[in-house]
Amino acid sequence: MAEKPDKVDQSKELAMLMEAFEQFNKASRQLEDKYAIIEAEAKKLREEVQEKNAELSKLSGLMESVLNNSNSCVIAVDESFKVLVKNPVADQLIYEIGEDIFSGMLRAYSRAGVFDHEEGGLTFRLSVGLLDTDEQRGYVYVINDITHLRHLEMEKQRDEKLKLMGEMAANIAHDIRNPLGSIELFASLLERDLQKNEPGMKLTRSIVKGVRTINSIINNILIFTKEIQLVKSEHYVADIVDDVILYMQHLMREKKIKFINRIDEEHMLRCDMELFKQVVMNLVHNAIDASSEKGEIVMDSFSEGDVSGFIVSDKGTGITKERRKKLFIPFQTTKAKGTGLGLAIVYKIVKAHEGNITVESDGSSYTRFRVELPV
Ligand SMILES: Nc1ncnc2c1ncn2[C@@H]1O[C@H](COP(=O)(O)OP(=O)(O)OP(=O)(O)O)[C@@H](O)[C@H]1O
Ligand SMILES: [Mg+2]
């Protein structure tokens, strides 16, 4: 007996359904596989992005730290000079010289290169680079204050010139010294032979005084230009000072200056006696110059641990802070007849003894020079 047509259809449909399920399952498995691959791929991409982000933020942190810790002023601007980025040194510089001046300086150098710019007594070196990316055009500036460097360069040039001049001066001084010695000797003999009230007496005295002044200038020049050769031994400070004061007495008398000698008879210096007389002479001479009529100059001595030395104090004009900074540099004089070599020589001699010299002043009413040497 033949099957019923209904039943035949049913089993066919079932088979088709099964087939369809099978297909669906297969497709679904494939989809799952693909999804897993995509998910893995996405995870990898996400990780890469994270890694890149971390690298980027590390790099930008590094850039920022480089920028912030740079000792130079670094600033980038766009084509209309609007600031894109700047570091704290740039902020400081803008604050110091003013926004307008700073901006004017940038605008003056809108091309690549290295430029030196003078502004209000300062010298800046600008290294300019062009900023040229797809998104941004402009300039990057690295600016340094090279004023100090400039001064050093100028000082070096001046030192070389001074050295040459010094050699020349030393030759001249040397040649002047011998005939000068004769003049001093003859004038002194004449002074001795003349009676007190004879007309020539005053003139002769002036000659002797003038010659002594020239002699001390020449000595200064010779000491300043020559290499110092020390003949060191122990000397009483009092002996050095007494000799000098004898020599300077007439200057103090002229100005009615009171000299107070507080040197301790026991204190000693290990030094070159002749050179140290020069030190005391220059310091006392300056003190006399700075003092007014009836002024007061005091000399003290000290011996403390491994140093000993002396102090010259006056109640004169004082030395301002500005002047104190370059006091020991040669040719810094405020006197019409000064050479400005005195303190430069003092410094040279004290340093040759491995000693130290310091100055203290309120800039208007007193000055105190302290010289100390190792014992
Ligand atoms: N005791 C002082 N009080 C005030 N100013 C001083 C004193 N000592 C030095 N000075 C200042 O320092 C400057 C330099 O002194 P320094 O002795 O080197 O040269 P000078 O006295 O001018 O010339 P020179 O000593 O060569 O004759 C002086 O011109 C003066 O202005
Ligand atoms: Mg002097």
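Reader: How many disulfides does the structure hold?
Author: This is a predicted model, and the structure holds 0 disulfides. In general, a disulfide is a covalent bond between the sulfur atoms of two cysteines.

Reader: And Cys73, is that buried or exposed?
Author: Cys73 counts as buried, because its relative accessibility is 2% and the cut-off for buried is under 20%.

Reader: What about Cys271, buried or exposed?
Author: Cys271 is buried as well, with a relative accessible area of 0%.

Reader: Changing topic: which domains does the chain have?
Author: The domain assignment gives domain 1 (69–145), domain 2 (147–226) and domain 3 (228–375). The C-alpha centres of domain 1 and domain 2 are 53 Å apart.

Reader: Which residues does the "Histidine kinase" annotation cover?
Author: In the unreviewed UniProt entry, the annotation "domain: Histidine kinase" covers residues 171–375. Over that range the chain is 49% helix and 22% strand, and the end C-alpha atoms lie 35 Å apart.

Reader: In what order do the strands of the open sheet come?
Author: The open sheet is formed by 5 strands in the order β7-β9-β10-β12-β11, and their pairing is mixed. Its edge strands are β7 (258–262) and β11 (356–361), each of which pairs on one side only. On average, neighbouring strands of this sheet are turned by 15° against each other, with direction ignored.

Reader: Which strands does helix α6 touch?
Author: Helix α6 (residues 237–254) packs on the sheet and touches β7, β9 and β10. The direction of helix α6 makes about 175° with that of β7.

Reader: And where does helix α7 lie?
Author: Helix α7 (residues 273–290) lies across β9, β10, β11 and β12 (367–374). Helix α7 runs at about 20° to β10.

Reader: One more residue: where is Asn215?
Author: Asn215 lies in helix α5 (residues 200–225). Asn215 is buried, because its relative accessible area is 15%, and the limit for buried is under 20%.

Reader: Which residues does Asn215 touch?
Author: Leaving out residues up to four places away in sequence, Asn215 touches Arg177, Leu180 and Glu184.

Key: Residues are numbered from 1 along each chain as its sequence is written. Chains are lettered from A and ligands numbered from 1 in the order in which they are written. This is a predicted model: local features need pLDDT of at least 70, side-chain atom pairs count only at pLDDT 80 or more; totals for chains, interfaces and linings use all residues. Side-chain values use heavy atoms; hydrogens and water are left out. UniProt positions are given in the numbering used here, feature names are shortened, and annotations may be inferred rather than shown by experiment. Helices (H or I, at least four residues) and strands (E, at least two) are DSSP runs, numbered from the N terminus. A disulfide is a pair of cysteine sulfur atoms within 2.5 Å. Buried means under 20% relative accessible area, exposed over 50%, partly exposed in between (1.4 Å probe, protein chains only). Two strands pair if DSSP finds at least two bridges between them. Axes are lines fitted to C-alpha atoms, for helices over the stretch in contact, and angles run from 0 to 180 degrees between N-to-C directions. Contact means heavy atoms within 4.5 Å. Domain bounds come from an automatic or database domain assignment.
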